[in-house]
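The following note sets out points on the architecture of the model under review. Each point may be checked against the structure shown below.

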Amino acid sequence: MHELSIAMNIVEMAEEESQRRGGLHITAVHLRLGLLAGVVKDALLSSYEVACEDTSLKGSQLVVEEVPGVVYCPACDARRPVRSSEWFCCSECGAIASEIVQGKELEVVSLEVEE
Amino acid sequence: MSPGTRIIEVRQNVLKQNDLVARGLRQRFQDAGVFVVSMVSSPGSGKTTLLEKTLTLLQPEYRVAALVGDLATENDAVRLARSQAPVKQITTGTLCHLEAAMVQNALEGWNLDELDFLFIENVGNLVCPSSYDLGEDMRLVLMSVTEGEDKPLKYPTIFNSADVAVLTKMDLAAAAEFDREAAIRSIESVRPGMTILSVSAKSGAGMDEYFELFRARRAASRPAVAAQTSAVRLRG
């Protein structure tokens, strides 16, 4: 259950960004979360509320965009979606996929702030 | 987006801070010529026993040390100290994983130039450690024969983040009716092509191959210092 530390990182980053810009009223934080990032969305959402307590982000929303997993298949020379995190082979030909090209994202994309 | 609000682009990795510290550590390890191996597994899969054997048996040849993470108690450090290698416990309190900054703090006062291998035993947990780079050269994921062959399917992310899988407690395989082929299939489906070793720290079975892997990987990533060490060994 490291979602709380992750949520605290997110809140810290948002607060730093706000201070850097002379103080903002942040109403939402937009996050990209990969299937293979090892972070559970629901746990992150409830942790976020806790992490926002006693900060300027209290009452703000965490908006999570889920990013599917994609691997590179050397046999097909193509990018292929990962059907589930339990099966990393190429979804077309079944060959061993050499590289994860998408799905490890854990990234704050943007902040929504009041004018 | 609600009216009266605007969007500010940020685009920052949430684990940026950890990754920065980890990158710094990796550079330090490289410069000092120390090869760093981290170990992750569920609680009770034999990390500490395997590490104790590892430290003891590598010591005649190499200068080794270990950091060991646990939520509470210093029992593991006490056990590992029996190997006579320098060992430091990192007590994480309620935190379920090690982070790069904890490793950095724990290394304060250590001269990395005097080490060939540093082992980092993570907190027993198959979920959270997967997200945190510790600057290690090689990450081992351990799985004991009593855990069920489908464990990799239940915790794919950690297996996917590791470089090598080590099946432990092989001396209990028959009693546990362990199906090695099924375990290997599970590992391969979440991390195709992964190096898989089978060991028993108790009987010593498979340990030669396990040590050979360390030697080979260290030689590959630290060619200059590895050659130096073997020259010293030959002279000695």
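**Note on the predicted model**

1. The largest nonpolar core comprises 91 residues, and those with the most contacts inside it are Ile10(A), Ala66(B), Phe117(B), Val141(B) and Ala165(B). The structure is a predicted model, and the remarks below should be read accordingly. Leaving aside residues up to four places away in sequence, Val141(B) touches Val40(B), Ser41(B), Ile158(B), Phe159(B), Ala162(B) and Ala165(B).

2. Chain B contains an open sheet of seven strands, in the order β4-β3-β5-β2-β6-β7-β8, with parallel pairing. Its edges are formed by β4 (87–91) and β8 (195–198) of chain B, each of which pairs on one side only. From one strand to the next, the twist averages 20°.

3. Within this sheet, strand β2 (residues 35–40) of chain B runs parallel to strand β6 (residues 138–144) of chain B, and four bridges join them. Met39(B) stands opposite Leu140(B) in β6(B). Helix α8 (residues 207–221) of chain B lies across β2, β5 (117–121), β6, β7 (164–168) and β8 of chain B. The direction of α8(B) is at about 135° to that of β2(B).

4. Which residues of helix α7 (residues 180–190) of chain B are buried? They are Ala183(B), Ser186(B), Ile187(B) and Val190(B). Viewed down the axis of α7(B), these buried residues fall within an arc of 95°, so they line one face of the helix. An α-helix has 3.6 residues a turn, so residues three or four places apart point the same way. The buried residues of α7(B) pack against α5 (151–154), α6 (156–161), β7 and β8 of chain B.

5. The contact between the chains takes 29 residues from chain B and 30 residues from chain A. On the side of chain B that touches chain A, at least two residues each come from β1 (5–13), α6 and α7 of chain B. The most is given by β1(B), with nine residues. By type, the residues on this side of chain B divide into 14 nonpolar, eleven polar and four charged.

6. Strand β1 (residues 26–34) of chain A runs antiparallel to β6(A), with seven bridges joining them; here Val29(A) has Leu111(A) as its bridge partner in β6(A). Strand β6 (residues 106–114) of chain A also pairs with β1(B) in the antiparallel sense, over seven bridges. In that pairing across the two chains, the bridge partner of Val113(A) is Arg6(B) in β1(B).

7. Chain A also contains a hairpin formed by β3(A) and β4(A), with four residues between the strands. Strand β3 (residues 70–73) and strand β4 (residues 78–81) of chain A pair in the antiparallel sense over four bridges, with Pro81(A) in β4(A) as the bridge partner of Val70(A). In the turn, Asp77(A) has a positive phi of about 50°.

8. Is Cys93(A) buried or exposed? Cys93(A) counts as exposed because it has 11 C-beta neighbours inside 10 Å, and the cut-off for exposure is 12 or fewer. Cys93(A) is found in the loop between β4 and β5 (99–102) of chain A. Not counting residues up to four places away in sequence, Cys93(A) touches Cys73(A), Ala75(A) and Cys76(A). Cys93(A) and Glu53(A) are 40 residues apart in sequence and 49 Å apart in space, C-alpha to C-alpha.

9. In chain B, Val78(B) lies in helix α3 (residues 75–81). With 11 other C-beta atoms within 10 Å, Val78(B) is exposed. Val78(B) and Leu15(B) are 63 residues apart in sequence and 32 Å apart in space, C-alpha to C-alpha.

Definitions and conventions:
Residues numbered from 1 in each chain as written. Chains lettered and ligands numbered in written order. Predicted model: local features only at pLDDT ≥ 70, side-chain atom pairs only at ≥ 80, totals over all residues. Pairing = 2+ DSSP bridges. Axes fitted to C-alpha atoms, helices over the stretch in contact; angles between N-to-C directions. Contact = placed C-beta atoms within 7 Å. Buried ≥ 20, exposed ≤ 12 C-beta atoms within 10 Å, placed from the backbone. Arc of directions from axis to C-beta. Nonpolar A, V, L, I, M, F, W, Y, C, P; charged D, E, K, R; others polar. Core = buried A, V, L, I, M, F, W, Y, C linked by C-beta atoms within 7 Å.
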